[in-house]
Amino acid sequence: MRLILSLFLLVATPLAALAEPIGVPAFSVSTAGDGSQSYTLSLQLLALMTGITLLPAFLVMMTSFTRIIVVLAILRQALGTAQTPSNQVLLGLTLFLTLFIMNPVLERINTEAVQPYVNEELGFQDAVAKAQVPLHAFMLHHTRETDLTLFMEIAGKQAPDDAKDVGFVYLMPAFVTSELKTAFQFGFLIFIPFLIIDLVVASVLMSMGMMMLSPLIISFPFKILLFVLVDGWTLILGTLASSFYV
């Protein structure tokens with residue numbers, strides 16, 4: 001339950017503008033002159049239900065999920081394994097690695113926002129304000145200054161003197177852009193050794209006159225062998241995890 005509340009507060013900050021003061025009834029009852037009653041759904045509840053459908057998107061775009069899933073997809077392409085590992089395996093691996101990487105942020109949110117909110121020491125608005133501080137710091141730390149400046153200029157805003165004052169409206173697209181750049185840099189480095197294997201195999205087959213034989217069929221087991229010998233999964237996942245703690 002604490003983890004669920006932490007995740008909810010983690011993604012609730014961009015939706016805070018949709019929230020209204022607590023105390024607005026979910027339904028309003030109108031009594032007609034003949035004594036009949038009609039019930040109307042509150043816009044607050046409608047906004048809340050709409051926001052819940054956006055929670056997965058916010059969770060993906062505001063954590064390490066994007067970088068990890070892109071790198072793993074590029075790795076699968078470089079190995080030439082088509083659908084192995086499957087999309088379900090990659091998503092599951094990415095999700096749990098994301099929870100591992102975001103654990104310090106979630107613990108801080110739980111300590112500073114969730115527990116005071118559960119103990120009724122803070123209201124919802126105050127809890128959201130407390131929860132956004134560690135999340136904002138995490139995203140800002142992994143956002144390139146050039147990307148942040150770009151989106152600030154597009155919006156016609158001046159960069160604040162203190163980076164902590166940058167709003168989530170500008171930080172979120174800059175963070176995602178920076179994560180994609182970093183993920184493709186990882187992918188480039190991953191592709192190089194497998195590309196060399198493909199070139200060597202293609203050259204050997206060409207020199208032997210076996211031009212009708214696909215080099216991918218021959219190079220595939222050598223790629224798997226290389227990946228296993230260097231303990232590829234540990235190397236890739238360890239590097240991804242450590243890249244967020246630099």
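Colleague: Which side chain meets that of Asp198 in a salt bridge?

Modeller: This is a predicted model, and the reply rests on its computed atom positions. The pair in question links distant parts of the chain, since Asp198 belongs to helix α8 whereas its partner belongs to helix α9, which spans residues 215-229, and the two are 25 residues apart. The N to O distance is 3.0 Å, and the partner of Asp198 is Lys223.

Colleague: Is Lys223 buried or exposed?

Modeller: A residue counts as buried when its relative accessible area is under 20%. Asp198, at 17% relative accessibility, falls under that cut-off and therefore counts as buried. Lys223 has a relative accessibility of 4%, so Lys223 also counts as buried.

Colleague: How many salt bridges does a search of the whole structure find?

Modeller: One of them joins the side chains of Arg67 and Glu179, with 2.6 Å from N to O; Arg67 sits in helix α3 and Glu179 in helix α8, 112 residues apart, which links distant parts of the chain. Both of these residues are buried. With this pair included, the search of the whole structure gives a total of 4.

Colleague: Which element gives the most residues to the largest nonpolar core?

Modeller: That core has 42 residues, and Leu75, Met139 and Ile236 are the ones that touch the most other members. The elements giving two or more residues to the core are α3 (65-79), α4 (87-101), α5 (103-118), α6 (124-141), α8 (168-207) and α10 (232-243). With 10 residues, the element that gives the most is α8.

Colleague: With which residues is Met139 in contact, leaving aside its neighbours within four places in sequence?

Modeller: Met139 is one of the residues that touch the most other members of the largest nonpolar core. In soluble globular proteins, nonpolar side chains tend to be buried together. Once the neighbours within four places are set aside, the residues in contact with Met139 are Met62, Phe168, Leu171, Met172 and Phe175.

Colleague: Why can the buried residues of α7 be placed on the same side of that helix?

Modeller: Helix α7 spans residues 145-154, and its buried residues are Asp147, Leu148 and Met152. What covers them includes α6 and α8, while the face turned away from the buried side carries the exposed residues Thr146, Glu153 and Ile154.

Colleague: What share of the residues of the protein chain counts as buried?

Modeller: The secondary structure of the chain comes to 10 helices and 2 strands, running from the N terminus as α-β-β-α-α-α-α-α-α-α-α-α. Its accessible surface comes to about 14600 Å², and 69% of that belongs to carbon and sulfur atoms. Of the 246 residues in the chain, the share that counts as buried is 35%.

Technical notes: Residues are numbered from 1 along each chain as its sequence is written. This is a predicted model: local features need pLDDT of at least 70, side-chain atom pairs count only at pLDDT 80 or more; totals for chains, interfaces and linings use all residues. Side-chain values use heavy atoms; hydrogens and water are left out. Helices (H or I, at least four residues) and strands (E, at least two) are DSSP runs, numbered from the N terminus. Buried means under 20% relative accessible area, exposed over 50%, partly exposed in between (1.4 Å probe, protein chains only). Accessible areas come from the Shrake-Rupley method with a 1.4 Å probe; for residues, only the protein chains shown count as cover. A nonpolar core is a set of buried Ala, Val, Leu, Ile, Met, Phe, Trp, Tyr and Cys residues joined through side-chain atoms within 4.5 Å. Contact means heavy atoms within 4.5 Å.
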